[in-house]
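Student: Before I rely on a model of this kind, I would like to learn how its features should be read. Could you take me through them one at a time?

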Protein chains: 2
Amino acid sequence: MEIKVVERVLAANDLLAKEIRELLAANGVTSLNIMGTPGAGKTSVIEQVFSRLKSDVPMAVIEGDIATSLDAKRLSELGVIVVQINTGGQCHLDGGMIKPAISSLDLSAIRLLFVENVGNLVCPAEFDIGESKKVLITSVTEGHDKVQKYPLMFRLADAVVLNKIDLLPYVNFDLDSFRSCLADLNPNAPIFDVSCRVGEGISELAEWVKSVV
Amino acid sequence: MEIKVVERVLAANDLLAKEIRELLAANGVTSLNIMGTPGAGKTSVIEQVFSRLKSDVPMAVIEGDIATSLDAKRLSELGVIVVQINTGGQCHLDGGMIKPAISSLDLSAIRLLFVENVGNLVCPAEFDIGESKKVLITSVTEGHDKVQKYPLMFRLADAVVLNKIDLLPYVNFDLDSFRSCLADLNPNAPIFDVSCRVGEGISELAEWVKSVV
């Protein structure tokens with residue numbers, strides 16, 4: 001009984017995701033589903049990439065949070081168009097939340113849409129939100145074993161950003177082990193070593209983002 | 001329809017949690033539900049507290065992971081009894097998983113049971129697993145805004161461990177803002193500033209654990 005209901009919810013979500021994907025494609029908009037654990041640096045990555053690409057690529061952000069609009073405030077201060085979704089407790093974004101958020105945007109005026117998901121390394125991976133690419137933000141302070149322990153999200157990622165690389169000297173993080181586990185699980189995803197705090201590696205990441213728009 | 005099913009699942013879980021709580025109480029076992037985001041340092045905190053208390057308090061650990069038994073291996077190398085639960089994708093532990101895990105332990109031989117939940121700052125807070133206390137592990141690398149953004153878990157915590165305090169000079173973490181937001185939301189939970197890496201603050205945390213056994 002429970003499983004049937006879950007399947008029905010997922011099927012309904014997949015239909016909405018398909019509608020969203022078609023609507024974005026019809027308007028020539030690439031969307032990136034930005035996922036990762038709380039505090040990995042999702043908002044910081046969006047801030048950095050926005051700052052690099054703002055003169056070339058018209059962008060908007062859909063900001064997903066359980067509560068508050070703290071991140072939306074940070075982003076809107078940079079001059080980016082932001083739509084806030086508060087899930088009110090739900091641990092992930094889904095098609096039913098993204099569809100009205102997209103309707104409130106002028107899609108003809110943008111080419112790139114960031115969707116910052118709820119901070120959670122598990123549940124968001126299970127819900128297609130009609131994105132073009134899934135981008136996983138992780139950080140050296142989380143530990144190198146996360147690829148093995150949270151395999152679904154690492155497997156589905158189209159790109160992996162390893163943030164807080166400036167903290168490498170101060171934490172027990174085995175970079176070779178991280179890269180080798182990720183190469184086994186998901187050999188095609190590019191990995192970007194970045195530090196949003198000191199600006200390291202952002203150019204390479206921004207180039208990749210530009211290449212998928 | 002969906003909500004009804006969810007309510008039924010939660011009600012079934014609450015019954016199991018009640019059974020677990022009664023069984024643990026009948027055996028004089030205190031259990032701590034250790035929660036936090038992936039990489040916050042849940043396993044490290046258990047390792048540190050175990051090392052401090054092992055001569056005084058007989059302990060066991062139930063280790064919850066989506067996949068792998070990496071953390072169970074780390075803990076069993078210290079000589080602690082560990083039962084591994086692999087959820088196979090589920091984003092939190094529930095009563096149905098804890099009950100058989102507890103049945104496999106000799107409860108008369110222990111006084112303290114750590115239950116390390118799946119790394120997730122959202123979903124585990126919603127499921128009572130019959131624990132005596134909820135202990136939330138967070139870290140300075142996650143940012144001071146997490147109290148406001150993930151309020152349920154911070155509100156329900158009986159104690160909050162702020163880990164990786166040794167990294168404070170290298171991150172943008174406003175300690176006063178963190179403490180003041182937590183005091184507003186949950187004035188009764190003690191906060192322990194610790195660094196598992198350098199051993200700071202572990203004595204105070206271990207004293208608190210001992211006081212609730």
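Tutor: What follows goes from confidence to a strand, a helix and a pocket.

Tutor: This is a predicted model, in which local features need pLDDT of at least 70 and side-chain atom pairs count only at pLDDT 80 or more, while totals for chains, interfaces and linings use all residues. Residues are numbered from 1 along each chain as its sequence is written, chains are lettered from A and ligands numbered from 1 in the order in which they are written, and side-chain values use heavy atoms, with hydrogens and water left out.

Student: What is the mean pLDDT of chain A?

Tutor: pLDDT is the predictor's confidence in each residue, from 0 to 100. For chain A the mean is 96, with 97% of its residues at 70 or more, and the complex as a whole is given an ipTM of 0.92 and a pTM of 0.95.

Student: Which strands pair with S1(A)?

Tutor: Strands (E, at least two residues) and helices (H or I, at least four) are DSSP runs numbered from the N terminus, and two strands pair if DSSP finds at least two bridges between them. S1(A), residues 30–35, runs parallel to S4(A), residues 112–116, through five bridges, one of which links Ile34(A) with Glu116(A). S1(A) also pairs in the parallel sense with S5(A), residues 133–139, over four bridges, and there Leu32(A) has Lys133(A) as its partner.

Student: Are the two sides of S1(A) buried or exposed?

Tutor: Buried means under 20% relative accessible area, exposed over 50%, and partly exposed in between, with a 1.4 Å probe and protein chains only. Thr30(A), Leu32(A) and Ile34(A) point one way and Ser31(A), Asn33(A) and Met35(A) the other, and all are buried.

Student: Why is H2(A) described as largely enclosed?

Tutor: Nine of the twelve residues of H2(A) are buried, so the helix is largely enclosed by the rest of the structure; among them are Lys42(A), Glu47(A) and Phe50(A).

Student: What lines the second largest pocket?

Tutor: On a 1 Å grid over the protein atoms alone, a pocket is an open set of points with protein on both sides within 12 Å along at least five of seven lines, and lining residues have an atom within 4 Å of a point. Here the lining has 40 residues, with Glu142(A), Gly143(A), Asn172(A), Ser44(B) and Arg74(B) nearest the centre. H2(B) gives the most to this lining, with five residues.

Methods: On a 1 Å grid over the protein atoms alone, a cavity is a set of points where a 1.4 Å probe fits but cannot get out, and a pocket is an open set with protein on both sides within 12 Å along at least five of seven lines; lining residues have an atom within 4 Å of a point.
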